[in-house]
Amino acid sequence: MAEKKESVMAGFKAFLMRGNVIDLAVAVVIGAAFTNIVNSVVKGVINPLVGAFGTKDLESYQSCLKGPCQIDDAGNVVSGIPILWGTVLSAVLSFLITAAVVYFLMVLPMAKVLAKRAAHDKAKEGVQETLEVSELEVLKEIRDHLVAQRGPVPGTGSAPGAGSAGGSGTHSTS
């Protein structure tokens, strides 16, 4: 029983130590902090700006669905069914600002970095292939030069090993 408990704990520890779990935890914490910043900007700057051009703060805009809406001094609805479309519009603005900042400050630059890395890796791969081809050509030239230095083997009419090494020499069987 203790052995099974130990293996479960070891598996849990391995799960927690995987890089993507830690990265996800960091992303959630930073995302929550960033959301608070965006919400503060929307509520503290954008909503009052809308209020400056309109008649009231953005979150205060509403419509009444059924009958005239009557609100008491505490801000509670006494009669009618209010539709708080200003609050929804404020939330949509918060989302759009968050999405725009994430896209333009995180996603777009990362995509450019990954594209540059891919282009660099592709160029590096092409250079490696060129080096391999160049090495092969040099080795063939060395082989051909060595074969030419030895001269033809008597009775065969060609250099030794030329046919077996992939050269263009021919063997005559006479």
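## Helices, strands and the overall layout

Helices (H or I, at least four residues) and strands (E, at least two) are DSSP runs, numbered from the N terminus. By that rule, Asp121 sits in helix H3, which covers residues 85-150. What you're looking at is a predicted model, where local features need pLDDT of at least 70, side-chain atom pairs count only at pLDDT 80 or more, and totals for chains, interfaces and linings use all residues. Residues are numbered from 1 along each chain as its sequence is written, and side-chain values use heavy atoms, leaving out hydrogens and water.

The protein chain has three helices and four strands.

## What's inside, what's outside

Buried means under 20% relative accessible area, exposed means over 50%, and partly exposed is in between (1.4 Å probe, protein chains only). Of the chain's 174 residues, 9% count as buried. The chain exposes about 13700 Å², with carbon and sulfur atoms supplying 67% of that; accessible areas come from the Shrake-Rupley method with a 1.4 Å probe, and for residues only the protein chains shown count as cover.

## Patches on the surface

Patches are made of residues with over 30% relative accessible area and no salt bridge; like charges are joined within 9 Å, and nonpolar side chains (Val, Leu, Ile, Met, Phe, Trp, Tyr) within 5 Å. For charge, Lys and Arg count as positive and Asp and Glu as negative, while His and the chain ends are not counted. Each charge is placed at NZ of Lys, CZ of Arg, CG of Asp or CD of Glu.

Asp121 belongs to a negative patch along with Glu125, Glu129, Glu132 and Glu135. Asp121 is partly exposed, at 42% relative accessibility.

There's also a nonpolar patch of about 850 Å², and its members include Leu65, Ile83 and Trp85. H3 gives the largest share of this patch, six residues. Ile83 lies in strand E4 (residues 82-83) and is partly exposed at 39%.

## One salt bridge

A salt bridge is a side-chain nitrogen of Lys or Arg within 4 Å of a carboxyl oxygen of Asp or Glu.
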